[in-house]
Amino acid sequence: MGRYSWLSLLREGLGGHRGWGRAWRDAAPKPFYDAVIIGGGGHGLATAYYLAKNHGLTDIAVVEKGWIGGGNAGRNTTIIRSNYLYDESAAIYDHAMQLWKGLGRELNFNIMMSHRGVLNLAHDEGEMRQLKRRVEANRLNGVDAEWLDTREVKAFCPILDTSPDARYPVLGATLQRSGGVNRHDAVVWGYARAASALGVDILQNCEVTGLTVRDGRIEGVETSRGAIAAPKVASVTAGHTSVIAAMAGIPVPIESHPLQALVSEPIKPITPCVVMSNAVHAYCSQSDKGELVIGAGIDPLISYTQRGGFHIVEEEIAALLELFPIFSRLKLMRHWAGIVDVCPDASPILSKTPVTGFYINGGWGTGGWKATPGSGHVFADLIARDEPNAIAAPFSLARFETGKLVAEHGAAAVAH
Amino acid sequence: MLLIPCPYCGARDQTEFGYGGEAHRARPTDSDRMSDAQWAHYVFMRKNTKGVFAERWVHAAGCRKWFNALRNTATDEILAVYRMGEPPPGGFTDGLPTPAGEPAIGSGNDGSTVALGAFDPGAGGDRP
């Protein structure tokens with residue numbers, strides 16, 4: 001597997017792009033691995049990559065029901081930020097942020113990381129006070145954050161409607177300059193390619209149909225491509241976390257909901273940053289292709305169907321047009337939903353379980369993408385050492401018994 | 001968007017309803033003797049079933065009454081509605097080939113529909 005460089009690009013460009021070869025091996029399942037990761041999304045592949053790179057555990061399989069990056073990794077709005085209120089959240093999301101900064105170079109794959117800045121708008125005095133508090137909390141945790149007044153917001157994102165007679169006037173905003181967007185497919189493929197090069201087997205169309213547990217210890221997985229034995233099994237399956245956990249008889253505090261997103265027709269560059277608003281509840285950025293990428297809140301009902309209600313789309317668009325009346329004539333091109341696994345405290349689960357050797361990484365709810373490298377990094381550490389490190393420890397399943405929740409609902413911005 | 005058959009008013013648009021989550025969760029009567037783990041199980045743990053799921057709805061913009069529904073969360077098909085306090089009617093199957101799999105029709109996931117062979121683009125029929 002050759003290294004990508006400007007030289008290889010030049011060579012292939014002159015040669016008609018016929019010699020690139022596969023980016024990663026399409027492996028066949030072996031009967032035994034040191035560890036099996038269930039779920040070939042961003043978090044699962046990142047976990048496998050860091051297990052191989054940092055912990056020398058290379059005899060690993062990543063088993064994926066469909067194709068890698070075809071679940072929530074391919075369905076999110078790729079917003080990156082780490083401006084969470086509480087110390088525990090700031091630690092893990094900013095750990096991810098620091099890894100994002102060098103990830104393209106590390107993986108030798110252009111993840112199209114764009115640190116273009118994320119605005120979180122305040123529309124009333126209460127929200128303004130709460131967001132200013134968040135800026136100060138972020139600074140204490142070393143997370144870059146600043147407060148912009150209305151004029152500064154207008155200068156940073158000129159197409160925003162900041163007029164005082166707007167239905168929801170913009171009174172100011174927090175800005176995280178290191179926040180931004182990247183390319184979801186590239187992140188998934190970058191991790192897959194780097195993990196595969198280290199010896200990790202990526203098994204697509206390999207659905208887990210059961211977990212083998214004996215005497216409280218995991219012994220392997222049953223899959224659609226045969227049984228695989230492993231002393232360590234980790235579930236990184238986002239919306240299906242409850243389904244996988246149930247196979248081991250482990251109750252989890254998760255509810256799965258559809259979360260919808262939309263893209264518009266492509267237009268010339270007009271939105272210079274990511275704009276998020278809790279009060280009107282919409283978030284928006286512009287992709288490098290020129291499409292507006294638009295998201296909002298979850299559908300309220302529990303569902304595993306990858307679609308949502310049109311009334312949610314209507315609310316989403318109404319909210320967007322409050323902020324950007326200039327978009328009112330735009331046509332929408334695509335619309336889809338992913339299944340998000342929401343915890344009662346809107347914080348993830350990175351945890352050992354009552355079954356020895358079985359680990360759960362899930363419950364990221366509506367905001368998992370931004371955490372991808374940090375999540376994989378600390379989860380690999382947890383699997384390798386069988387102990388959570390300081391960043392992962394607050395996100396154990398046990399917090400629902402002790403009551404030490406990391407209650408980020410609202411505090412972190414409802415919109416993710 | 002769902003068309004929800006309120007047991008009191010008949011079929012109405014989903015926008016008239018509020019969602020109440022998992023049904024049949026009785027508050028424990030001996031909470032003073034429960035362990036933290038048991039209490040956590042009642043407060044936080046949820047079935048989150050993929051398949052036939054009993055849930056609560058309230059007809060908020062209609063009769064304002066609460067009721068229960070059985071819905072297949074893998075297809076969003078509403079199988080039955082019944083009144084609060086009644087046990088869920090039985091006899092429904094989820095149609096899932098595997099615990100995490102997708103049913104032949106109604107998953108909202110066309111990729112799986114094609115993979116399962118339920119949709120043949122060459123047959124000229126309507127998409128399921």
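Analyst: A:Trp189 is partly exposed, because its relative accessibility is 38% (under 20% is buried, over 50% exposed, in between partly exposed; 1.4 Å probe, protein chains only). This is a predicted model, in which local features need pLDDT of at least 70, side-chain atom pairs need pLDDT 80 or more, and totals for chains, interfaces and linings use all residues. Residues count from 1 along each chain as its sequence is written, chains are lettered from A and ligands numbered from 1 in written order, and side-chain values use heavy atoms without hydrogens or water.

A:Trp24, by contrast, is buried at a relative accessible area of 4%. Over all chains there are 15 aromatic pairs (Phe, Tyr or six-membered Trp ring centres within 6.5 Å; planes under 30 degrees apart stacked, over 60 edge-to-face, the rest tilted). A:Trp24 belongs to the loop between helix 1 (6–14) and strand 1 (35–38) of chain A, while A:Trp189 sits in helix 6 (residues 184–197) of chain A, so the pair ties together parts 165 residues apart in sequence (DSSP runs numbered from the N terminus: helices H or I, at least four residues; strands E, at least two).

In chain B, the ring centres of B:Phe17 and B:Phe67 are 5.9 Å apart and their planes stand at 85°, so this pair too is edge-to-face. B:Phe17 lies in the loop between strand 2 (10–13) and strand 3 (18–22) of chain B and B:Phe67 in strand 5 (residues 66–72) of chain B, so parts 50 residues apart in sequence are tied together. B:Phe17 is buried, with 9% relative accessible area, and B:Phe67 is buried at 0%. These two residues, B:Tyr19 and B:Trp57 form one aromatic cluster.

The charged pairs come next. The whole structure holds 22 salt bridges over all chains (a Lys or Arg side-chain nitrogen within 4 Å of an Asp or Glu carboxyl oxygen). A:Arg116 and A:Asp288 form one of them, with their closest N and O atoms 3.4 Å apart. A:Arg116 is in the loop between helix 3 (87–107) and strand 4 (118–122) of chain A, and A:Asp288 is in the loop between strand 15 (282–286) and strand 16 (292–298) of chain A, so the pair ties together parts 172 residues apart in sequence. A:Arg116 is buried at 17%, whereas A:Asp288 is exposed at 57%.

In chain B, B:Arg71 and B:Asp76 form a salt bridge at 2.8 Å, N to O. B:Arg71 is buried, with a relative accessible area of 0%, and B:Asp76 is buried at 12%. Salt bridges with shared partners also join A:Lys65, B:Lys50 and B:Glu102 into one network.

Where the chains meet, 28 residues of chain A contact 32 residues of chain B (heavy atoms within 4.5 Å). About 2,600 Å² is buried between chain A and chain B, with carbon and sulfur atoms giving 59% (accessible area lost on being put together, summed over both; 1.4 Å probe). A:Leu301, A:Ile302 and A:Tyr304 supply 22% of what chain A buries against chain B, more than any other three residues. There are 2 salt bridges between chain A and chain B; one of them joins A:Glu255 and B:Arg46 at 4.0 Å, N to O.

How values were computed. Buried area = accessible area lost by both parts, 1.4 Å probe.
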